[in-house]
Amino acid sequence: MSEERPESPLLLFDACCLINLFASGRIEEILDCLPFRCATSRLVASREVLAIAVEGAATEPLGREVMPPGRLESMSNLALLDFETDQELAGFVGFALELDDGEASVCSLAVARGGGVATDDRKALRIMGGLTPPVPTVQTPELLYEWVERLKLPEAEIRSALRQVQRRGRFYPRVDAPRFEWWETFSQR
Amino acid sequence: MTDNPLAAVDPRGLAARVREAREARGWTQQELGDRLGMARTTIVAIEKAERRLKPRELIELARLFGRSVSELLQRSSPPEGFSVQLRSALPVSAPVDYDLVPYIEEFQHRCEDYLRLEEICRVPLRRRYPPEYDIQGVDADQAAEDLAAAERSRLDLGEGPLLSLRDLLETDVGLRVFQLNLPSKIAGMFAFAASFGGCIAINLRHPVERRRMSLAHEYGHFLIARFRFEITFESRYERRPSAERFAEAFARAFLMPASGVRRRFLEHERERPQGITYGDLCRLAHSYLVSLEAITRRLEELRLIPLGTWERLRQERFRVDEARHILDLESAAHTDDAPFSPRYIALAVEAWQLGELSEGQLAQILRVDRLGARELALAAAEGGDQGAVVNFGAPLLSSGTR
């Protein structure tokens, strides 16, 4: 069970980041040790298909493991947020002019509630960075780095988690992503 | 951000989308009003762009229509009459006992998505359309042979098999080609809009050989009646209209040109003093990526084998799939099940790499989930090393080195 951290900043996860954490096989553990109040939108939880590839499947068509409905709801360290105000609804519609509904909902809630966004999506990162004031963003390599540093995990465990994200989530960080060097070093060791 | 972000949206485009989505649901304005708790006159005003929607209303509309808010907002105005003209292209005698509207709508949305990708990447599809051919008063079969030869010559295709027909029609002619899951009785659809150009949808449920024949068939329609919308049904009726007879004959002649087929057949025959075999027929069909029935009927038509050969094979219950397996006649070209062309996928990946599409939008535009989108992006752009991804949008030569 995560400890209460009411003073911690709010971090809204988009589907892209949730898939990566799911692929690592350690999602609950990672969320638990982050210095944030972790959340996502109920819209993401109800509409997004959070699927990862089945480990070991090298040929097409790939097997899929879909996060079971209700798993996000059952996570004690991830809050599901609904729109509560007209400002949040208007923000959602505004972001939906440029993003898909899941991404727009997360961005709107983050802006309205003074939080940050956990995403690896280049477009979402650009839009969040272009707001005044910019909305803070965190990317998957930073989240995993934080987890590793806090728990002082052994190298083999780090490598395994990173490779799982690559293989099962089909995710490779961009070269300009924060902690890219760290990711490359550990995933290739 | 303003109080109502919809103030920045083109009201006519959004109004057209709302009307289109309502009609796709088959609801009257009164019915939609009842569901929203609004008067019919309010719906009329919304659809005429005389009343601006509020964010809460738009979200509720999207929920009722079963669409995403972003879809209602981001799609451009639907081209005038696309859906209506396709629906009216349905032959009166067509065996339709299902709702065609969702399929027509999906066809239209794919065309819109394609156009949007081209706009983002700034690479419009180049149209190399031939002049429209007039076959009035000419025998349909003869016109088909002549036109197929003329098109092959125009496109520098020689007399060999057309291995990637879809790519050819897209890149060398400028038609948009999609593979959709359509009701089994529909072979394909053809539509034309000023913004899209010629667009073809082929039934993905059909075997690849039949799909190629359907694609060539629709191309035949395009050559003689470019602006005429068409829904082609699988039909066995005897008295076909002249345009249908032409399109069928064109497909055969375009895919299996007389000179090339004759030459290959005679080569097979020379190698077989005892006469051509079932296996030779299978190999010939395989090399042209057509069905055994198609090649056999074509050989009959060219008087290279006796009339009635296909009927005899059919009566003998010749098992094509088994023969193909035994002769090891499977190939990648025989399993072309991708709904979108390589060009479409490459543009989508490029738009995503440019940061003009989010991952969710990429998935929506490729009609897959996010993992599927990542897989397609990696497959399209992987440079060999892990994570070494080719940036499709990067110029090959800097201006100084040109």
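Which residue of chain A forms a salt bridge with Glu375(B), and how far apart are the closest N and O atoms?

Mentor: The model is predicted. The partner of Glu375(B) in the salt bridge is Arg64(A), and the closest N and O atoms of the pair are 3.5 Å apart. Across the interface of chain A and chain B, the rule finds seven salt bridges. The interface itself brings 37 residues of chain A into contact with 33 residues of chain B. Between the two chains an area of about 2900 Å² is buried, and carbon and sulfur atoms give 56% of that area. On the side of chain A, 20% of the area buried against chain B is supplied by Val93(A), Leu97(A) and Tyr172(A), more than by any other three residues.

Next comes a helix pair within chain A. Helix α5, residues 86–95, and helix α6, residues 101–112, have axes that come within 8 Å and cross at roughly 135 degrees. An angle of 65 to 115 degrees would count as roughly perpendicular and one over 145 as roughly antiparallel, so α5(A) is oblique to α6(A). The crossing of these two helices is right-handed. From α5(A), the residues that meet α6(A) are Gln87(A), Glu88(A), Gly91(A), Phe92(A) and Phe95(A). Their counterparts in α6(A) include Asp101(A), Ala104(A), Cys107(A), Leu109(A) and Val111(A). By class, the residues of this contact of α5(A) with α6(A) comprise seven nonpolar, four polar and two charged.

Notes. Residues are numbered from 1 along each chain as its sequence is written. Chains are lettered from A and ligands numbered from 1 in the order in which they are written. This is a predicted model: local features need pLDDT of at least 70, side-chain atom pairs count only at pLDDT 80 or more; totals for chains, interfaces and linings use all residues. Side-chain values use heavy atoms; hydrogens and water are left out. Axes are lines fitted to C-alpha atoms, for helices over the stretch in contact, and angles run from 0 to 180 degrees between N-to-C directions. Helices (H or I, at least four residues) and strands (E, at least two) are DSSP runs, numbered from the N terminus. Angles under 35 degrees count as roughly parallel, over 145 as roughly antiparallel, 65 to 115 as roughly perpendicular and the rest as oblique. A crossing is left-handed if the near helix is turned anticlockwise from the far one by less than a right angle, and right-handed if clockwise. Contact means heavy atoms within 4.5 Å. Ala, Val, Leu, Ile, Met, Phe, Trp, Tyr, Cys and Pro count as nonpolar, Asp, Glu, Lys and Arg as charged, and the others, Gly among them, as polar. Buried area is the accessible area (1.4 Å probe) that two parts lose on being put together, summed over both. A salt bridge is a side-chain nitrogen of Lys or Arg within 4 Å of a carboxyl oxygen of Asp or Glu.
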